There are 2 protein chains.
Amino acid sequence: MARITSSRATGNGEESLLHTIQHVQLPMLNRKVAVRVGIGDDAAVWQPRSGYQTILTCDWFLEDTHFLVDRHPPESVGWKCLARALSDIAAMGADPRCFLLSLALPKEREGEWLRRFLKGLRSASRSLKCPIAGGDTTRRGQILISLTVIGECRRGRAVRRSAARPGDVLFITGRLGEAEYGLRLLKSGAKPSDPRVQKHLYPKPRLAVGQWLAERKMATAMMDLSDGLSTDLPRLCAASSVGALIEQHRIPCVRISRTHGAPDRKRFDPIELAANGGDDYELLFAVSKSRAERLPRVIAGVTVTRIGEITANKKIVIVNSNGKAKILVNRGWDPFR
Amino acid sequence: MARITSSRATGNGEESLLHTIQHVQLPMLNRKVAVRVGIGDDAAVWQPRSGYQTILTCDWFLEDTHFLVDRHPPESVGWKCLARALSDIAAMGADPRCFLLSLALPKEREGEWLRRFLKGLRSASRSLKCPIAGGDTTRRGQILISLTVIGECRRGRAVRRSAARPGDVLFITGRLGEAEYGLRLLKSGAKPSDPRVQKHLYPKPRLAVGQWLAERKMATAMMDLSDGLSTDLPRLCAASSVGALIEQHRIPCVRISRTHGAPDRKRFDPIELAANGGDDYELLFAVSKSRAERLPRVIAGVTVTRIGEITANKKIVIVNSNGKAKILVNRGWDPFR
């Protein structure tokens with residue numbers, strides 16, 4: 001991060017790009033006194049709160065792997081790179097505090113594209129209350145982004161994936177498959193302004209729900225659904241050395257729009273989208289049976305839905321509407337497949 | 001970072017790669033109790049020390065931009081990606097605490113290359129006392145690395161770039177141009193085992209010197225020399241709104257080996273290498289005149305050398321051995337040039 005400086009005095013390329021970033025982002029820094037030295041030094045200095053633990057997460061967001069430059073508006077790339085990293089903070093029940101941006105850009109993206117990218121990033125930064133603290137930039141043939149987010153939670157309150165117990169009730173926030181539906185529509189020509197594409201382009205990490213659960217020690221285990229239920233649920237179960245039984249009819253699935261009539265219904269299976277679609281950034285969490293009964297159906301304005309329970313055997317089973325049980329096959333997103 | 005999990009249970013590609021990383025790196029985690037939740041959850045949980053501030057820095061290390069896969073041994077890539085990020089921690093006078101690794105790899109690098117990369121990374125992690133806390137992995141056509149390091153220093157002791165004052169004496173650690181000399185030899189066919197190439201392949205961040213200076217409030221401004229003196233000194237001066245006068249004969253330059261005789265001497269100008277060569281990761285710092293007289297010549301085993309002073313006008317001037325003054329032209333490394 002030596003490479004972020006506060007001056008254009010030397011007049012070289014990197015300084016000039018960084019000046020742009022700093023100029024656009026600086027207002028954010030002033031709103032959080034916790035960041036004592038931000039862009040313009042070898043490293044950022046940040047003041048942690050007494051009685052809190054620091055939560056650290058990093059996330060790749062790469063052209064062609066995570067977004068398509070000809071399909072995804074730069075504003076969405078800016079918003080989403082921060083929002084999806086913040087989803088990991090939400091999944092721990094923590095409060096975001098600041099972030100570092102590592103950005104590599106082709107020369108032709110340093111003008112209009114960068115301006116619109118920073119607009120989206122600033123919008124997420126303000127809306128999700130997470131100011132920039134520093135970063136590193138370089139030139140590259142494709143757009144590469146790596147985001148690091150620093151969060152905080154009260155000592156001992158971070159919610160891990162590993163403490164779910166048999167009998168715990170499984171919940172999710174929101175509706176699953178919406179982001180995948182949006183992505184498929186976008187790829188087949190829908191406009192970025194199409195409301196069905198919004199959740200894919202501008203996901204909202206469930207920070208308030210995660211914090212609500214962590215503060216009350218309500219969840220025994222929690223994670224965010226970034227790669228799809230069929231990929232992420234096995235991860236939570238493996239970390240907790242348990243299994244799960246999901247009731248298919250309980251899963252709140254994406255609603256396929258009627259305006260597109262029969263063809264859309266044939267093209268899109270809501271259950272398949274909900275089970276295997278990535279990028280929803282909803283929370284998946286387990287609550288002990290006794291506490292589950294008292295759990296509100298809406299937390300911080302977000303609907304939470306019971307979808308099944310944790311089991312002692314290590315299988316991940318889904319029961320369909322006819323009562324037939326099947327192993328849930330892992331078909332979510334994996335960059336290595 | 002949701003993408004680092006502790007299990008191979010789901011049997012997919014990402015889990016398998018992460019298992020390799022975790023398996024190799026896990027011993028490091030156990031040595032630092034500060035990291036409460038490491039690889040295997042949505043985010044890492046880290047316990048900051050009371051009375052300390054957190055230092056945050058991130059650094060790109062990309063194939064073809066920062067290293068060449070056919071020239072740089074994987075062990076060097078592993079060592080250097082962490083060592084150079086830690087140099088920013090050294091430049092603040094801070095103590096490293098943990099790091100996050102974002103790694104993107106082509107399929108053909110997941111075997112032998114990854115094993116050797118992790119060997120180098122683990123060696124740096126142990127030697128420089130900075131354990132891994134988490135990370136994110138994905139697949140990509142080229143090797144992409146982004147390192148985030150978390151450090152700490154006592155409240156108010158972090159050394160910035162911006163408080164150098166006219167009359168302060170400028171010092172550097174070690175010898176300049178050695179890494180650039182090594183790089184040029186490597187590119188022209190020298191073996192990685194050649195001792196002259198070692199500083200380029202396995203740089204040692206000046207952590208102990210930085211901490212020594214910060215603890216004693218000895219330096220008014222400090223930064224690390226990652227892009228070359230002629231590029232980095234203007235950055236320190238700009239941040240402090242000052243200039244500098246460097247005496248060329250005082251700069252401890254790389255020694256060009258005699259074994260290569262006259263041709264080597266013609267090919268390599270020690271002053272040019274010292275002024276414009278990057279990757280040395282030595283420290284550049286300013287000390288008030290009164291304190292400069294008491295500064296030891298060797299700090300934590302590293303020679304420190306007075307090379308000039310801070311001036312009130314904002315020019316960066318170099319005086320050669322004949323007493324002739326010239327503006328120091330910025331010719332260091334810039335990925336945007």
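**Helix pair in chain A**

I started with helix α2 (residues 74-91) and helix α3 (residues 112-127) of chain A, which pack at an angle of about 40° with axes 6 Å apart. That angle makes α2(A) oblique to α3(A); angles under 35 degrees count as roughly parallel, over 145 as roughly antiparallel, 65 to 115 as roughly perpendicular and the rest as oblique. Axes here are lines fitted to C-alpha atoms, for helices over the stretch in contact, and angles run from 0 to 180 degrees between N-to-C directions. Helices (H or I, at least four residues) and strands (E, at least two) are DSSP runs, numbered from the N terminus.

I then listed who makes the contact: A:W79, A:L82 and A:A83 are among the residues on α2(A), and A:F117, A:L121 and A:A124 are among those on α3(A). Contact means C-beta atoms, placed from the backbone, within 7 Å.

**Housekeeping**

This is a predicted model, so I note that local features need pLDDT of at least 70 and side-chain atom pairs count only at pLDDT 80 or more, while totals for chains, interfaces and linings use all residues. Residues are numbered from 1 along each chain as its sequence is written, and chains are lettered from A and ligands numbered from 1 in the order in which they are written.

**A:L82 and the core**

I followed A:L82 next. Leaving aside neighbours within four places in sequence, A:L82 is in contact with A:F99, A:L121, A:A124, A:S125, A:L128, A:C130 and A:L147. In the largest nonpolar core, 193 residues, A:L82, A:F99, B:L82 and B:F99 touch the most other members. Such a core is a set of buried Ala, Val, Leu, Ile, Met, Phe, Trp, Tyr and Cys residues joined through C-beta atoms within 7 Å. Buried means 20 or more other C-beta atoms within 10 Å of a residue's own, exposed 12 or fewer, partly exposed in between.

**Chain A overall**

I counted ten helices and 14 strands in chain A. Buried residues are 59% of its 337.

Which residue other than glycine has a positive phi of about 75°? I found A:D279, in the loop between α9 (270-276) and β10 (282-287) of chain A. A:D279 counts as buried, because it has 22 C-beta neighbours inside 10 Å.

I place B:K129 in the loop between α3 (112-127) and β5 (132-139) of chain B. With 15 C-beta neighbours inside 10 Å, B:K129 counts as partly exposed.

Methods. Contact = placed C-beta atoms within 7 Å.
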